[in-house]
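Student: I have a new structure to look at, and I would like to learn where its labels come from. Could you go through it with me?

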Amino acid sequence: MSAGLFVTGTDTGVGKTAVSAGLLAILRRRGIAVAALKPAETGWPATPGAAPWPPDGGCLARAAGLDLPLAQVVPYTFAEPLAPAVAAARAGVRLDPAVLDSAHAYLQQRYPFVLVEGAGGLAVPLTGELTMAGLAARWRLPVLLVARAGLGTINHTVLSVAYARQQGLTVLGIVINSYPATPGAAEETSPGVIAAMTGVPVLGRIPHLPGVDVESGRVADMAVAVEQCLDLNPIFDLLKGDA
């Protein structure tokens, strides 16, 4: 059985993909064969002339160095930028958890480390019955939670950790992303408050990197930021079977 990690966020747009891509690139550079799985990506209209891969899935595949078909890395894509369950229903598609299980099992059998990136936060529905948290629990994956840096992040993050635990999940750590060069009082104090309230370690603060995003494809810059700013020992412990 390979090691695995489920990367989620306190909200959409918090930088899950950039953090995930950075982690994948670091592990790959250290000689570990890695794979990525994005169970569903929305907001990608696969129209003539569009890019062959959706942005998040494409970024993850490049970071992991995968030469696999789109359906193996991103089993479901939808045009509307909505929760997967809603986008699927509006597209007249039945999102089948068995398809996701098959994609995950395929990667598990072939790669020592499989990173799964959710869509939005843990309570986002994949189907009428299955949330992102439910999928992480289904696959028995520990969770890495990516959070915002600014005001409001204490509430979002503490509630996300509480919901994860309610669903039987282990939260491996918290990443504060897009940390400003000149932080205010909220940015400076919230990581410590979050760690104290949740008992989950804040593994680091990744600075805001202008121009470095999923669309830019600058995976090397993502990897540098993750490696320089995060405590990666809990991730390496997964590979050793210590977590």
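Student: What is the bridge partner of valine 175 in strand 8?

Tutor: In this predicted model, valine 175 has glycine 204 of strand 8 as its bridge partner. Local features here need pLDDT of at least 70, side-chain atom pairs count only at pLDDT 80 or more, and totals for chains, interfaces and linings use all residues. Residues are numbered from 1 along each chain as its sequence is written, and side-chain values use heavy atoms, leaving out hydrogens and water.

Student: How do you know that strand 7 and strand 8 pair?

Tutor: Pairing requires that DSSP finds at least two bridges between two strands. Four bridges join strand 7 (residues 171–179) to strand 8, so they pair. The two run parallel.

Student: What makes strand 8 an edge strand?

Tutor: Strand 8 (202–207) pairs on one side only, and so does strand 2 (34–37). They belong to an open sheet of six strands in the order 2-5-1-6-7-8, with parallel pairing. From one strand to the next, the twist averages 20°.

Student: Why is helix 7 called roughly parallel to helix 8?

Tutor: Helix 7 (residues 153–166) and helix 8 (residues 185–198) pack at an angle of about 25°, with axes 10 Å apart. Angles under 35 degrees count as roughly parallel, so helix 7 is roughly parallel to helix 8.

Student: Which residues of helix 8 make the contact?

Tutor: With contact meaning heavy atoms within 4.5 Å, they are Ser190, Val193, Ile194, Met197 and Thr198.

How values were computed: Axes are lines fitted to C-alpha atoms, for helices over the stretch in contact, and angles run from 0 to 180 degrees between N-to-C directions. Angles under 35 degrees count as roughly parallel, over 145 as roughly antiparallel, 65 to 115 as roughly perpendicular and the rest as oblique.
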